[in-house]
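Please keep the display at hand while reading.

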2 protein chains.
Amino acid sequence: MARQRAFDRDAALESALRAFWEHGYEATSIAALTAAMGIRPPSLYAAFGDKRRLFEEAVRRYQLTHGAFTTRALAEEPTGRQAVERVLRESAAEYTNAAHPPGCLIITAAVNCGPESADVEELLRGFREAAKAAIRKRVDDDVAAGRLAPGTDTEALATFFASVIQGMSTQSRDGASHAVLVGVAELAMAAYPPPPPRPDGRAAVRHTKP
Amino acid sequence: MARQRAFDRDAALESALRAFWEHGYEATSIAALTAAMGIRPPSLYAAFGDKRRLFEEAVRRYQLTHGAFTTRALAEEPTGRQAVERVLRESAAEYTNAAHPPGCLIITAAVNCGPESADVEELLRGFREAAKAAIRKRVDDDVAAGRLAPGTDTEALATFFASVIQGMSTQSRDGASHAVLVGVAELAMAAYPPPPPRPDGRAAVRHTKP
DNA sequence: TCCTTTCTTTAGCGATCGATACAGAAACCA
DNA sequence: TGGTTTCTGTATCGATCGCTAAAGAAAGGA
């Protein structure tokens, strides 16, 4: 054995994550990263490989921490409708949480990429596609369970909710408050289709007076 | 008088616009710009000042050409509801028009900016805020005209539709088709509130059989 | 205590960034 | 045709980019 690393690798990774979250992949220089992480370039390269691998590790960490609420919400709620509503509400809260940068790293951190880092753009695109597919799966489950009419356009629904979430990320970075984004989430739920008529022909249960 | 410029300034500006549209402000280098515009750096600087002023001029050009449909739709439609629906439908078409890069330049071209070009980020943010305010104005008009209930949360509505449009831009850049984005636009319109009850207590006009 | 190993530091690598100095070329006026 | 002016092309500026060689510093084994 020999000398051990003098900095907290996890804390440094979290600092890098936040720098990427704030300014994106290309606009965050090694100099900015080392300043944020409190280390010098050789320590960064020894511990994380290079800038791209550091970014990928930061994204993985983001998914397991700040961004884990979406996976949880989609896994835990009993119906697609409830799952989508929870994702929307928790996005409104997370994107405006003053304890960290606004918006979503996976949505915003690799938007303006030169041709030499197109694969980084593609990496985040893959995560976004996976998230949209996870939403669609829950909506498809609602169709299969009879909670949504057969033939419901679940691709359009999933793309719609993905769009609202991505727009909420942009809005939060433009200064929208938590309260306004909750309003956005509630409005978005108006697009979730009503349940189909029951097989006995009776109307669905009403929750308001006729 | 003396020697005149040997290239088409407008065509060069359009080429620069598309380069910025594709990769964003910082990720588009002077070398990439001069290659796309078919000129050498001194010609670029003589005709456009510097990179920032070239970008600002490209954004102005974008607003007057590819992005002008929003201003037109919001100005020409008789009601807020129709204005919003037209903006959504035309956004779906424009963002997926294969004749130019996908999505919206004003939404995507200055997302990942370093601290030294934070003012460029702020410039586009201002345009986005103005667009959202223009949407809100048309919704406010619907409230004033009695087409929407008094007390309607027009800020939430405007932020919702701005979010959907921004999300559609991201989705188009991730590969969503025109047809799917039209579906997104139609779903978004479900959030536009129904008209308030008439003063005589009768229900609003129905367009479908009871 | 010395040796080995790995980390940290200083310093700087080649490449590219935005932006220009300079000279040659082209268009107008006289 | 000569003089003036402005544009164009070459070649390059200092600064910064991602990244690393080399030497000093610290921790474990002998």
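Helices (H or I, at least four residues) and strands (E, at least two) are DSSP runs, numbered from the N terminus. Residues are numbered from 1 along each chain as its sequence is written, and chains are lettered from A and ligands numbered from 1 in the order in which they are written. The model is predicted: local features need pLDDT of at least 70, side-chain atom pairs count only at pLDDT 80 or more, and totals for chains, interfaces and linings use all residues.

Consider DNA strand C. A residue is near a strand if its C-beta atom, placed from the backbone, lies within 6 Å of it. There are 24 residues around DNA strand C, and A:A2, A:P42, B:R3, B:S29 and B:K51 come nearest. At least two residues of this surface are supplied by each of α3 (41–48) of chain A, α2 (30–37) of chain B and α3 (41–48) of chain B. The largest share, 4 residues, comes from α3(A). By class, the surface near DNA strand C has 14 nonpolar, 4 polar and 6 charged residues; Ala, Val, Leu, Ile, Met, Phe, Trp, Tyr, Cys and Pro count as nonpolar, Asp, Glu, Lys and Arg as charged, and the others, Gly among them, as polar.

The two protein chains also meet each other. With contact defined as C-beta atoms, placed from the backbone, within 7 Å, 38 residues of chain B are in contact with 38 residues of chain A. On the side of chain B that touches chain A, α7 (105–108), α8 (118–144), α9 (154–173) and α10 (178–189) each supply at least two residues. The largest share of that side, 13 residues, comes from α9(B). Its classes are 19 nonpolar, 12 polar and 7 charged residues.

How are these copies related? A rotation of 180° with 0.0 Å of shift along its axis superposes chain B on chain A, with an RMSD of 0.0 Å (least squares on the C-alpha atoms of residues with pLDDT of at least 70 in both). The two copies are therefore related as by a two-fold rotation axis. Moreover, 100% of the interface residues of chain B are also interface residues in chain A, so the copies meet through the same surface.

Notes: Contact = placed C-beta atoms within 7 Å.
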